[in-house]
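Hi there,

Here is the structure I promised to pass on. Have a look at it first, and my notes follow below.

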Amino acid sequence: MVKIRLKRLGYKKNPTYRIVVIDGRCKREGAPIEELGHYNPKTKEMKLNLASAQEWVKKGAQPTATVTYLMKNCDEEGRLVYNKKETVKLSKKAQAKLEAQKAAEAEAAAAQEAAAADEAQVEAGEANE
């Protein structure tokens with residue numbers, strides 16, 4: 001079976017990878033059928049021939065999970081589009097404090113709307129007199 005996977009390069013604790021098409025029975029650093037691009041996980045730099053990769057997938061090549069992720073998050077020019085998640089993990093105390101603050105803001109907004117409605121009724125009553 002033909003696979004699209006990462007071939008490790010670089011020295012100790014500083015990996016860089018080539019994205020290659022290779023026979024699934026070969027070792028990781030074996031001779032590739034075709035090199036599709038490269039990926040540096042530390043700098044998030046990537047260059048990928050996406051059209052060629054998709055051609056290989058159509059032919060039946062199986063991309064690994066990491067290569068599938070890289071292919072999905074790749075723009076038309078083959079560069080990685082890196083989007084940090086905007087969600088932040090909060091402690092339970094911080095979550096409770098944030099929820100209490102949101103509830104207080106909601107109550108204040110409701111009270112303000114009720115006051116505006118009362119003023120509108122008073123003005124409507126004065127207009128009728």
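Where is the place of Lys-13? Lys-13 is in the loop between strand 1 and strand 2, strands being DSSP runs of E with at least two residues, numbered from the N terminus. Before going further, please keep in mind that this is a predicted model, in which local features need pLDDT of at least 70 and side-chain atom pairs count only at pLDDT 80 or more, while totals for chains, interfaces and linings use all residues. Residues are numbered from 1 along each chain as its sequence is written, and side-chain values use heavy atoms, with hydrogens and water left out.

Lys-13 has a positive phi of about 60° although it is not a glycine. At 68% relative accessibility, Lys-13 is exposed (buried is under 20% relative accessible area, exposed over 50% and partly exposed in between, with a 1.4 Å probe and protein chains only). Lys-44, in the loop between strand 3 and strand 4 (45–48), also has a positive phi, near 60°, and is partly exposed at 33%. Most residues other than glycine have a negative phi.

Next, the charges. The whole structure holds 3 salt bridges (a side-chain nitrogen of Lys or Arg within 4 Å of a carboxyl oxygen of Asp or Glu). One of them joins Arg-18 and Glu-35, with the closest N and O atoms 3.5 Å apart. That pair links distant parts of the chain, 17 residues apart: Arg-18 is in strand 2 (residues 14–23) and Glu-35 in strand 3 (residues 34–40). Arg-18 is partly exposed at 33%, as is Glu-35 at 42%. Asp-23 pairs with Arg-25 at 3.1 Å, and Arg-25 is exposed at 73%. Asp-75 bridges to Arg-79 at 3.6 Å, with Arg-79 partly exposed at 42%.

Arg-5 is buried yet has no salt bridge, and the nearest side chain of opposite charge, Asp-23, is 7.9 Å away (Lys and Arg count as positive, Asp and Glu as negative; His and the chain ends are not counted). Its side chain does reach the backbone oxygen of Lys-27 at 3.1 Å. Leaving aside neighbours within four places in sequence, the contacts of Arg-5 (heavy atoms within 4.5 Å) include Arg-18, Asp-23, Lys-27 and Thr-64.

Finally, a ring: Lys-59 lies over the face of Trp-56, 4.7 Å from the ring centre (NZ of Lys or CZ of Arg within 6 Å of the ring centre and within 35 degrees of the ring normal).

Best wishes

Methods: A polar contact is a pair of N or O atoms within 3.5 Å; within protein, one must be able to donate a hydrogen and the other to accept it, and residues adjacent in sequence count only if both atoms are side-chain atoms. Helices (H or I, at least four residues) and strands (E, at least two) are DSSP runs, numbered from the N terminus.
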